[in-house]
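Subject: Structure for you to look at

Hello,

Here is the structure I promised to hand over. Please open it alongside this email.

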Amino acid sequence: MIVATPAAATTPAPTGGAVAGPVPKIKALQCRTACMGVTAGHIGSRVRVKGVKGKSLKRIDSVVFEGAPGAADDVSVPPLRAKKKYVDARVPRTAVTGPVMLVSTDGAESAPTAVPLTIDPTPMAPKSTAGGLGIDVEVQGNRVFYGAERKAQVSYIVRDNEPVTVAVELVRLSDGLAITRWEPGAVTPGVPQTIDWDGTADGKVQKDGRYAFRVYATSASGATASSAQAIAPGTPAKAVPGSFLFQRNIFPIRGSHYFGTGAAAFGGGRGHQGQDVFAKCGTPLVAAHAGRVKFKRYQSAAGNYLVIDGDHTGYDFAYMHMREAALVDQGDHVYTGQPIGFVGDTGRAFGCHLHFEAWTAPGWYSGGSPIDPLPLLSAWDKTS
């Protein structure tokens with residue numbers, strides 16, 4: 001197996017590169033309504049995350065309820081209010097006890113709260129059904145990545161005094177097209193129901209953009225209701241009930257970084273086959289796209305490297321110069337956003353950086369060809 005030899009370039013100045021925004025910093029967590037204590041509440045409680053002095057929280061995009069270790073039970077919601085000194089959020093229905101963290105609009109992540117939020121899983125008393133048939137819809141993920149450990153999920157409750165038949169559509173908000181539909185049939189009023197979406201329709205991964213779950217209900221007496229009825233003209237897409245942002249890829253470096261130029265770019269130096277992205281050694285790396293690990297090795301030029309065959313992409317993605325051997329093994333299937341290692345300078349590297357490659361089918365040094373990955377990386381960087 002021949003491994004690409006990264007160009008031996010000095011570290012370029014960070015001009016023209018992309019740099020992540022400031023990392024949110026959390027000072028304290030406090031339950032505000034329906035509380036059992038300062039850091040204890042119920043599903044539906046309002047909680048407040050306070051920031052440190054001098055670090056504004058106005059640009060917070062998501063509040064993440066982390067639950068147990070690992071991402072499988074993470075639930076993210078948009079803030080109810082994002083101010084300079086604090087962020088308020090509602091505890092979502094599928095959240096479980098655990099730390100809380102913040103994510104900014106440019107993808108910068110805070111450290112989790114030092115004290116976990118204790119969540120009582122006992123359902124709150126149902127709202128009155130005196131007004132007739134109604135639907136309460138809540139998305140369990142403000143920003144969702146294809147192939148991530150947790151799929152897009154909608155939780156809904158129908159309010160009525162008689163049996164109700166339900167159908168759910170997933171609508172792409174850019175053109176109003178319903179791309180898939182579920183028909184769970186009869187559901188019990190007052191009992192939370194959930195539906196997951198894996199990011200595909202008719203076997204194809206869908207476009208990046210904002211989508212919304214719409215729930216339609218019909219009671220035994222013929223009354224009808226829809227979760228989309230209350231949408232006013234001109235309502236921003238992110239404020240549409242049941243909506244979320246779907247993205248196929250995540251930027252692989254989870255910290256401040258900038259793109260190399262000249263010999264550190266694709267085609268630079270001695271036929272450089274990838275793009276160098278500079279960051280501090282030890283900055284976390286994640287899988288940009290879900291897929292199967294084809295190679296996990298060490299080579300004198302590439303250092304510790306990993307090659308992943310991206311699901312439904314036609315590309316192999318290579319990650320080189322990692323600080324240590326990758327956190328995953330050859331043959332493993334990794335999910336989008338899964339930690340795979342840390343930025344390093346192993347092998348023939350001048351300055352701590354990720355050397356990233358993208359190869360067309362049939363794959364990396366198996367008949368495919370390298371392409372310039374900078375357009376891909378730049379696009380992912382802008383959205384994640």
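Below is what was found in it.

First, a caution: this is a predicted model.

Start with the nonpolar cores. The largest has 25 residues. Tyr 156, Val 166, Trp 197, Phe 213 and Phe 244 touch the most other members. Several strands supply at least two residues each, among them strand 11 (134–139), strand 13 (152–159), strand 14 (164–172) and strand 21 (243–247).

Look at Tyr 156 next. Leaving out residues up to four places away in sequence, Tyr 156 touches a list of residues including Arg 93, Asp 136, Val 166, Pro 184, Ile 195 and Val 215.

Then go to Ser 45. You will find Ser 45 in the loop between strand 3 (40–42) and strand 4 (46–51). Ser 45 counts as buried because its relative accessibility is 0%, and the cut-off for buried is under 20%. Its side chain reaches the backbone oxygen of Thr 33 at 3.1 Å. A polar atom of that side chain also lies 2.8 Å from the backbone nitrogen of His 42. Among the residues Ser 45 touches beyond four places in sequence are Cys 31, Ala 89 and Val 91.

Last, strand 5 (residues 60–65). Six of its six residues are buried. Strand 5 runs antiparallel to strand 9 (residues 100–104), joined by five bridges. There, Ile 60 stands opposite Ser 104. Strand 5 also pairs with strand 6 (residues 75–77), again antiparallel, over three bridges. Here Phe 65 stands opposite Val 75.

Best wishes

Key:
Residues numbered from 1 in each chain as written. Predicted model: local features only at pLDDT ≥ 70, side-chain atom pairs only at ≥ 80, totals over all residues. Heavy atoms only, no water. Core = buried A, V, L, I, M, F, W, Y, C linked by side-chain atoms within 4.5 Å. Buried < 20%, exposed > 50% of the residue type's maximum accessible area, 1.4 Å probe, protein only. Helix = DSSP H or I, 4+ residues; strand = E, 2+ residues; numbered from the N terminus. Contact = heavy atoms within 4.5 Å. Polar contact = N/O pair within 3.5 Å; in protein donor to acceptor, adjacent residues only side chain to side chain. Pairing = 2+ DSSP bridges.
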